[in-house]
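Work through these exercises with the sequence and the structure open. Try each task before you read its solution.

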Amino acid sequence: MSWIDKELCVAALTGAVTGVAVMIPLVSDEAWSWVGLSIPAFIGALVGLVVGSSAVAGGHCALNSGHRWPARTAPRWKHRFAACSTLAVTLLVAGVFMAPVIASGDPVRDDAGFPTYLAVLAVIAAVTYVFAYVLGPDRPS
């Protein structure tokens with residue numbers, strides 16, 4: 001399996017699990033069914049594939065930079081690869097999160113005054129960094 005296949009499989013699986021985890025509190029005990037949770041899992045997997053595709057695009061940018069500007073050590077290369085993947089995903093997700101804010105003209109704030117989407121964006125960026133670091137290639141090929 002190449003790093004692209006691993007990245008897309010993990011992204012789809014993570015999206016499906018997240019979709020189910022978000023819906024579990026909303027599903028009442030009487031309505032608990034696998035059909036009711038399979039739809040969020042499917043939608044989460046599709047969103048995960050979109051996010052994973054963005055991470056793969058960032059990884060390709062890292063591979064191109066690795067040919068022109070080789071890293072001195074393998075850990076530095078892995079960090080560069082993870083940073084490029086994370087940047088691509090963060091830009092995609094931030095754009096999706098900011099589109100409704102820009103369209104409405106009002107900042108979205110919680111009761112405490114802190115936008116929740118910034119915390120969600122930070123979690124997505126951290127998870128993407130870890131996955132890209134672990135699943136990425138050891139050296140550019």
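pLDDT is the predictor's confidence in each residue, on a scale from 0 to 100. The model used here is predicted.

**Exercise 1. Confidence and fold**

Task: State the mean pLDDT of the protein chain, then give the order of its elements from the N terminus on.

Solution. 
- Step 1. The mean pLDDT of the protein chain is 85. A value of 70 or more is reached by 89% of the residues.
- Step 2. Where pLDDT is low, the predicted coordinates should not be read in detail.
- Step 3. Count the elements. The protein chain has 4 helices and 0 strands. From the N terminus the order is α-α-α-α.
- Step 4. Compare the elements by mean pLDDT.
- Step 5. Check burial. The protein chain has 141 residues, and 31% of them count as buried.

**Exercise 2. The aromatic cluster**

Task: Find which residues ring pairs link into a cluster, and classify the pair of Trp3 and Phe81.

Solution. 
- Step 1. The count of aromatic pairs comes to 3. One of them is Trp3 with Phe81, at 5.0 Å centre to centre and 90° between the planes. Planes over 60 degrees apart count as edge-to-face, and this pair is edge-to-face.
- Step 2. Trp3 lies in helix H1 (residues 3-23) and Phe81 in helix H3 (residues 74-104), so the pair ties together parts that are 78 residues apart in sequence.
- Step 3. Take the pair of Trp77 and Phe81. Their ring centres are 5.9 Å apart, with 50° between the planes, and the pair is tilted. Both residues lie in helix H3, 4 residues apart, about one turn of the helix.
- Step 4. Join the pairs. Trp3, Trp77 and Phe81 are linked into a cluster.
- Step 5. Trp77 has 1% relative accessibility, so Trp77 counts as buried. Phe81 is at 1% too, and therefore counts as buried. Trp3 is also buried, like Phe81.

**Exercise 3. Charges and rings around Lys78**

Task: Name the side chain that meets Lys78 in a salt bridge, and the ring under the charged end of Lys78.

Solution. 
- Step 1. Side chains of opposite charge can pair when their charged atoms come close.
- Step 2. The count of salt bridges comes to 1. The side chains of Lys78 and Asp138 meet in a salt bridge, with 3.8 Å from N to O. The cut-off is within 4 Å.
- Step 3. Trace the link. Lys78 is in helix H3, while Asp138 is in the segment after helix H4 (116-135). The pair links distant parts of the chain, 60 residues apart.
- Step 4. Compare accessibility. Lys78 has a relative accessible area of 10%, so Lys78 is buried. Asp138 is at 56% and therefore counts as exposed.
- Step 5. Look for the ring. The charged end of Lys78 sits over the ring of Tyr133, 5.7 Å from the ring centre.
- Step 6. The charged end of Arg80 sits over the ring of Trp69, 4.1 Å from the ring centre.

**Exercise 4. A nonpolar surface patch**

Task: Which residues form a nonpolar patch on the surface?

Solution. 
- Step 1. The patch is formed by Ile39, Phe42, Ile43, Leu46, Val47 and Leu49.
- Step 2. Together these residues have about 570 Å² of accessible area.
- Step 3. Take Leu46 as one of the members. Leu46 is in helix H2 (residues 34-68).
- Step 4. The relative accessibility of Leu46 is 42%, so Leu46 counts as partly exposed.

**Exercise 5. C-alpha distances**

Solution. 
- Step 1. Gly15 is in helix H1. With a relative accessible area of 12%, Gly15 is buried. Gly15 and Val50 are 9.7 Å apart, C-alpha to C-alpha, and 35 residues apart in sequence.
- Step 2. Ser38 is in helix H2. Its relative accessible area is 36%, so Ser38 is partly exposed.
- Step 3. Thr90 is in helix H3. At 22% relative accessibility, Thr90 counts as partly exposed. From Thr90 to Ala126 the C-alpha distance is 9.7 Å, at 36 residues apart in sequence.

Technical notes. Residues are numbered from 1 along each chain as its sequence is written. This is a predicted model: local features need pLDDT of at least 70, side-chain atom pairs count only at pLDDT 80 or more; totals for chains, interfaces and linings use all residues. Side-chain values use heavy atoms; hydrogens and water are left out. Rings of Phe, Tyr and Trp (its six-membered ring) pair if their centres lie within 6.5 Å; planes under 30 degrees apart count as stacked, over 60 as edge-to-face and the rest as tilted. Helices (H or I, at least four residues) and strands (E, at least two) are DSSP runs, numbered from the N terminus. Buried means under 20% relative accessible area, exposed over 50%, partly exposed in between (1.4 Å probe, protein chains only). A charge sits over a ring if NZ of Lys or CZ of Arg is within 6 Å of the ring centre and within 35 degrees of the ring normal. Patches are made of residues with over 30% relative accessible area and no salt bridge: like charges are joined within 9 Å, nonpolar side chains (Val, Leu, Ile, Met, Phe, Trp, Tyr) within 5 Å. Accessible areas come from the Shrake-Rupley method with a 1.4 Å probe; for residues, only the protein chains shown count as cover.
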